[in-house]
Structure formats: structure tokens, C-alpha cells
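Visitor: I would like to learn how to read the features of a model such as this one, taking them one at a time. Could we begin with the pairing of strands?

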Amino acid sequence: MRIRAPLTVLACALALAACKPQPGQPADAGATNADAKPAAAAPAQPAAEAKPTGADDNLNAVLWMQRSIEYRASAETIYRAAADKLDAALKQPNWDALVPEERGNSAKGLKPAVVMDVDETVLDNSPYQARLVRDGKEYDEVTWDAWVAEKKAKPIPGVVEFAKAAQAKGVTILYLSNRAVHLKDATLANLRSAGLPVADDEVFLGLGTVVDGCEQNGSEKNCRRLLAGKKYRVLMQFGDQIGDFVQVVANTPEGRDALLEQYHDWFGERWWMLPNPSYGSWEAMTFNNDYSQSRDARREAKRKALDVAP
């Protein structure tokens, strides 16, 4: 789920001096005069040092998502477990993954669907984050839109197999994303190229989707979930942020803890959370959701949020 500030990864600057011609080579290296004295060897030049890079909070997070088998195993475990629950969800007519407040009509007799967030749930945007780490930058809409337009995001491990298994059982995949609606065509093209089922253009519910009678608060998804529920019985929801499943009224430690306690039993049954250590509302919570602060100020707030077991 893309909300405000993201993540990033791998930045290395390697010294290239060793590839350059060595200084001090005699000008007459090709001369055949036997009396010519060999040129004195030039003193050895120290290799150019790589410029140190500043610390980046996302380096380890993005590196883990790109290079560790542990991340791949985690994602595949989640999607395989969800696939095993599909038949049970289909057989129970009262099974619904929408909270009662977001179910504006009866789900009885509606076609089955699963609601999936896109970023870091279905599509892997870690190369974008890696570029930010490399360049010492932070998320912004211009670079993000350019990345989406490239349509290079790969599928999260396990998601294609799950989505195809659901499709084979007559389940529609809905992509409820905080990618803006103007990114719809590029997103659908990327989903298709990644091997994910796209029933039609209407399965993409991006940020900015108008829902009659429901006022959207920022990037909250409650209105779009309500819209999905009008047409479908939602068997499962998938995301990488708590806001992918239920409206977050207060993005504070207390507010988030209360949501987890209230819907604890839904996880691993109706709700399926993917790991994303790179960015999210969990990070914003630690600095009071105030992205106007400097990176240093936000980092200091995050350090203060650490539990060091005093």
C-alpha cells in the first residue's frame, strides 16, 4: 500500500580508479633507442576512495525484501495458507471479510471476490525504493508516477499462484489501491504482464474513485471497500498495512493496538497481512504523522520510539 513516504535500498559507490590508465607512463614508450634510459617508475597512486553515503533508514529493509530468502518464504507462506482457506470461505454463505460498518448491503447471493492492495502486496516496488536509497532521496509523486509508468514491478512471491487458484474457483480479484486513478492503465498493464488475472478495467479501485454517498478521508479505503461490497461477497482481504483492511480513525499506537485487538481473529482467516518493513503508517505513527519534519527530526523520533528494555 502506498501512502506517503516510502522506503529504499542498496546504494554502493565503487572506486573505478583501477580501470583507468596508470599515470606516469613514459611518453616515448614505443622508442627503440637503445641508449634511452628507462623512465623512472611513477610512485604508486592510492586508489580513489568511494564517497561515503549517508545513513538511510530503508537500506536494510529494501535489501531484505530484495535479497533474503526469508522474505520470499514469508510471502509464499501467507499466500499458500490463504489458498488453503478459500474452499471453506466459499462454502460458508455468511463468510464476509468486510467489517459490518463497511457492508452497506446484504452479501447473500453476491459473486465472490477477494480484495487485494497492490503495492508491496501484489506488486514489488523495491527497485523504486532502491533507487531512492542509492540517490539519497525520498518518495515524491513525480518519481513515483514515472516508476509506475515503467511497468517494471514484479509480482510478490506466491501471489500469482494464489490469484490464479482463486480465479479458477470463480473468484474475482479486485485491486483496491492507493495508486491514483490516473495510474490505472499503467497499473493494469503491469498486473497483466506480471501474470495476474485482470477481469476487466473495473477491478481497479484507485485513489480518487468516486463513491456516491461516502466521503473519503485522505487515503483511507473504507469508501472503496463499501463500493466493492455492493457488488461482491468479499471472501478475503490482502494488504501490507492495517488500513488495507479497516479504517484507521486514529493513527496512534493506542488506535492501532485497539484495531488489532478488535480484529485479531480475522487475521489468518479473512485478512492476510504481507510483510513490508520499508514504509507505511506504522512509521508515520512514530513521528505523529508529520512529514513536514526534516528527515533528521523524523529519525530522532523513531529512535525515541525504540524499546531498549531499560
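Guide: Let us start from a single pair of residues in this predicted model: leucine 176 stands opposite leucine 205, which belongs to β5. That pair sits within the pairing of strand β4 (residues 172-180) with strand β5 (residues 204-207), which is parallel and extends over three bridges. Between the two strands the chain passes through helix α6 (residues 184-193), and the β-α-β crossover made in this way is right-handed.

Visitor: Which strands pair with β6, and in what sense do they run?

Guide: The general idea to keep in mind is that side chains in a regular strand alternate between the two faces of the sheet. In this structure, strand β1 (residues 111-116) is joined to β6 by six bridges, and the two run parallel; one place to look is proline 112, whose bridge partner in β6 is arginine 233. Strand β7 (residues 271-273) is also parallel to β6, joined to it by three bridges, and here glutamine 237 has tryptophan 271 of β7 as its bridge partner. A right-handed β-α-β unit is formed by β6, helix α8 (residues 253-262) and β7.

Visitor: How many of the residues of β6 are buried?

Guide: Strand β6 (residues 232-239) is mostly covered, with eight of its eight residues buried. For the protein chain of 310 residues, buried residues make up 43%.

Visitor: Which residues touch the most other members of the largest nonpolar core?

Guide: In soluble globular proteins, nonpolar side chains tend to be buried together. Here the largest nonpolar core has 63 residues, and those touching the most other members are Val114, Met116, Phe162, Tyr175, Leu196, Met236 and Phe238. Helix α2 gives the most to this core, contributing seven residues.

Visitor: Turning to helices, why do the buried residues of α1 line one face?

Guide: The buried residues of helix α1 (residues 59-67) are Ala61, Val62 and Met65. Viewed down the axis of α1, these buried residues fall within an arc of 90°, and they therefore line one face of the helix. The face turned away from that buried side carries the exposed residues Asn60 and Arg67, while the cover over the buried residues of α1 includes α2 (69-91) and α3 (126-135).

Visitor: Which residues of α10 are buried, and which exposed residues does the face turned away from its buried side carry?

Guide: In helix α10 (residues 295-304) the buried residues are Arg298, Ala301 and Lys302. Seen down the axis of α10, they fall within an arc of 100°, so they line one face of that helix. Exposed residues Asp296, Arg303 and Lys304 are carried on the face turned away from the buried side, and what covers the buried residues of α10 includes α9 (281-286).

Visitor: Where is the pLDDT below 50?

Guide: The protein chain averages a pLDDT of 88, and 83% of the residues score at least 70. Over residues 4-43, however, the pLDDT is below 50, although this stretch has 58 contacts in the model beyond near neighbours in sequence. The pLDDT is also below 50 over residues 48-52, a stretch with four contacts in the model beyond near neighbours in sequence.

Terms used. Residues numbered from 1 in each chain as written. Predicted model: local features only at pLDDT ≥ 70, side-chain atom pairs only at ≥ 80, totals over all residues. Heavy atoms only, no water. Pairing = 2+ DSSP bridges. Helix = DSSP H or I, 4+ residues; strand = E, 2+ residues; numbered from the N terminus. Right-handed = clockwise from strand over helix to strand, strands pointing away. Buried < 20%, exposed > 50% of the residue type's maximum accessible area, 1.4 Å probe, protein only. Arc of directions from axis to C-beta. Contact = heavy atoms within 4.5 Å. Core = buried A, V, L, I, M, F, W, Y, C linked by side-chain atoms within 4.5 Å. pLDDT = per-residue confidence, 0-100.
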